[in-house]
Amino acid sequence: MNPPDMDDFTRELESPSEAHVTEGRDTDALDELAPEKTRSDLEWERLLGAIVARCETAVGKDAALALEPPPRDELPRRLAEVQEAIATDDRAEPLPIAAVADAREAWSRAAHGGVLAPTELRSIAQVLSAARTLRRFLHARREALPHLFATCSTDPALDRVEDAISSAFDSEHGGQLADHASPRLRELRAEHAAARGRMVSRIEELIRRYSHILSDTYWTEREGRYVLPLRSDAHERFPGIVHASSASGATLFVEPRVLVPLGNRLKMLEGDVRREEEAVYAQLTGRVVEAITSVGGAIEAIGYADLLSAIVRLSRDLRLRFPDVLHVREGEGFVADLRDMRHPLLALEALEHKRPVVPSDIRVASGHALIVSGPNAGGKTVALKALGLAALMLRHGLPVAAQEGSRLGLVEVVLTDVGDDQSLQKSLSTFSAHVVNLARILEGARPGALVLLDELAGGTDPREGEALAAAVLDSLCRRGAAVVATTHYEGLKALAIAGPDAEGTRATSRDAPGGPRFLNASVGFDPATLSPTFKLALGVPGASSALAVARRYGVPSLVIERAERFLGGEQRSFEETLHKMNQERRALELARSAAEEEAEKARLLRKQLETELENLRQRDRRVLEKETDALFQSVRRAREDLRAAQARLRARKIEPEELRETERAVDSVARKLALGGELSDLLDKPAAPRGERVEPESTINKGARVWVPRLRAEAEVVSVQGDGQLRVAAGSLKLTVGRDEVRLVAPEANRAAPRGKGPRLRTSHGSAVQRPDREALPTFAGADSLPAIQTADNTCDLRGLRVDDAWPMLESFLDRALNEGQRVAFVVHGHGTGALREKIREELKRSRYVERFRAGQLNEGGEGVTVVWLA
């Protein structure tokens, strides 16, 4: 086998140690975004470790450890891939990734010409099977997951490689090579089994024969030869070859001489079997080598999909969200506006210990500095690190620990000075170490940089440190960096309040675009409990409360009182001012909390009222259904009276008196159904034609609702034709009408009443609902000689319609008439040229609704009418 020249690809897939992972990273890109000092300060490796812990495969774990920030132009694709993975997980369809063997060493051996061992071949097959499952999953969802489909799909030709390897091994017998892996192997194994059977049969015969000189009645193997346990004092009476002895020397393990030829044959067959198995392994390895590039791609796809799945699990555990990404062009600055920001590592610890994490809002932009003050152990450094981690996470394509609606730009570099870097070996004190870091940060500051400074210029003379801190902040802002600094210096807090620049004059809008250059923020402190609230408040400086913290941690009261006397008047005044501001802020927070609580109560009350309203509607609907059923029962009884009269007419010859009696029965039922009859309390008076008359100059647009008297129903205009005709649709029925044949229905009418063509029923509560047309009176058509009774309900007027429009309308009318129990219908088509009449009668011959039909009699309209008996 001569594998292709793939040294670069091989190096990427070799099973890496920790050193290899470090070497595999694009350290230049990573260091440019977050130098080693920044990664250490923000504990970036701990966050990667949380992703590693959620990976299923070794490849995925290494991909997580070596996670790199993609170039800015490739970041949208990474973000889209992670968002698609989260979206499919939210739909309860997670990426199908399970633990599989690490096949990178096997891939590397195959790529360099080695023959793979059985375990290596099975690991390759396992990865290819997982890749097939992933490819089919993504292919079925390629429209919803286009980026994942493009990134993680693999070569379908690998399915044949996986099938060949999997079919060659027997999963039911420990994954050993199956007999059917090759015809020669099957033959050799069968021959070996037969030879061994003969050997076992012969040796058991010898056990029975020489049992009196054997130490025990069993046989075993020594160095691949079949031996018996013979007493050491009887070896001269047993012909054979001694291969070993027991520890005590009382037993000798002897190969019977008669079995030597059989043993030799078995050894030869075992060699033949091994050689054939090696040939099969070489053949299967060749299949892998033929698709070596695709196999490597499958390994990478499984690893990357596993990494995405781990990110999804971390996102679900920590409730991470994607902010609105501000795609500012490189070098134009950085903006962060995070709502309910949390430190992800604290959130991890809280997840394990079931403790809440206090969220905070934070805002900062390039050219501006946020000065965070407040008591020690109050959460200042936590907020600092949380912001830095959020910026790095987004640049790596990860969601952040903040609420939806947050905004975050793409940072170009994160520079930090957090913690104490003093070093005896480098002769650096705490302050000198900070100064070294500040010099490095000033050198790297530029638009798009995020600078995080903890206890800026601390550890030296307070006055000089305060002046140095002010100068550093001013310089960083002028260089276009976004800065967040924690401090206890009163001068820096006052700087953000007064807003002077480095020379002591007030900053202009040119110096601070978009607002003041410096902005205060503070972590809260509860004077009642003498403990911090860990909540970051923007726009308000915080008191250090050093004496209160000291009292909380057990410093004697006498010492605290002396310390208060040592404080200068100006210092006490400033602290009192800050204390008053914090009290006012706390009062505002309580007021806002109360307002939010009232708003929530109002929302719940509104929901309760909506539920009660829906219950009332349901009750009205049940009453309406009951009264509607009563109406239908009355109509049904009336129709039964008519059918009884009709049956009497059919049963015997009609006498004039009986005909008059029948007419009186029809009149009686008609009076019941007519307005003012017994059912009038459930029916509205017939409404006048709905809507407004269409004026010649008025415009009717597509989608308008119109009343069609011919249909006695509302219809929707589907098109306006050039000759002024309208194409309207009422349900499945479509026809063309003139503008003068319709009335325009106002939108308010549409909303006030449901669409339909029947009368309206009234409930006892006064509500109304649309119902179908009243049941039509059945006509008496026992024979053609009997006059059929024509009413408005059993008459369909087709005059003026085109041939193509007439039959659909008539077919719908016949269907409705049949459902209403009518026996006869009158079709008015007029005389005209006769084309409409012939078309109608031709269709009636084929209609499943029609039993028979005839032309109208003279008193019925003659040839202009067709009388139809329904089936």
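This is a guided tour of a predicted model, moving from one selection to the next.

Begin by selecting aspartate 41, which you will find in helix α4, the run of residues 36-42. This aspartate has a relative accessibility of 8% and therefore counts as buried, since the cut-off is under 20%. If you then display its surroundings and set aside the neighbours within four places in sequence, aspartate 41 is in contact with Lys385, Thr416, Asp417 and Val418.

Select phenylalanine 169 together with tyrosine 281, whose rings are stacked, with 6.5 Å from centre to centre and 5° between the planes. Phenylalanine 169 belongs to strand β1 (residues 169-170) and tyrosine 281 to helix α13 (residues 260-290), so this pair ties together parts of the chain that lie 112 residues apart in sequence. Both phenylalanine 169 and tyrosine 281 are buried.

A second pair to select is tyrosine 210 with phenylalanine 238, where the ring centres are 4.9 Å apart and the planes meet at 85°, so that the arrangement is edge-to-face. Here the partners come from loops: tyrosine 210 lies in the one between α12 (183-209) and β3 (220-222), phenylalanine 238 in the one between β4 (225-231) and β5 (240-245), and the pair therefore ties together parts that are 28 residues apart in sequence. Tyrosine 210 is buried at 15% relative accessibility, and phenylalanine 238 is likewise buried, at 5%.

Arginine 122 lies over the face of phenylalanine 169, at 5.6 Å from the ring centre, so to speak of phenylalanine 169 is to return to the ring that is stacked with tyrosine 281. Elsewhere, the charged end of arginine 222 sits over the ring of phenylalanine 253, 4.3 Å from its centre.

The last stops are salt bridges, of which the structure holds 45. Select arginine 265 and glutamate 191, whose side chains meet in a salt bridge of 2.2 Å, N to O. This pair links distant parts of the chain, with arginine 265 in helix α13 and glutamate 191 in helix α12, 74 residues apart. Arginine 265 is partly exposed, with a relative accessible area of 32%, and glutamate 191 is also partly exposed, at 30%.

Move on to arginine 407 and aspartate 337, where the side chains meet in a salt bridge of 3.9 Å, N to O. Because arginine 407 lies in strand β11 (residues 407-409) and aspartate 337 in strand β8 (residues 335-341), the pair ties together parts that are 70 residues apart in sequence.

Now select lysine 601 and glutamate 597, which form a salt bridge of 4.0 Å, N to O, between their side chains. These two residues are four apart in helix α22 (residues 569-651), and are therefore separated by about one helical turn. Lysine 601 is partly exposed, with a relative accessible area of 47%, and glutamate 597 is partly exposed as well, at 45%.

Definitions and conventions: Residues are numbered from 1 along each chain as its sequence is written. This is a predicted model: local features need pLDDT of at least 70, side-chain atom pairs count only at pLDDT 80 or more; totals for chains, interfaces and linings use all residues. Side-chain values use heavy atoms; hydrogens and water are left out. Buried means under 20% relative accessible area, exposed over 50%, partly exposed in between (1.4 Å probe, protein chains only). Contact means heavy atoms within 4.5 Å. Rings of Phe, Tyr and Trp (its six-membered ring) pair if their centres lie within 6.5 Å; planes under 30 degrees apart count as stacked, over 60 as edge-to-face and the rest as tilted. A charge sits over a ring if NZ of Lys or CZ of Arg is within 6 Å of the ring centre and within 35 degrees of the ring normal.
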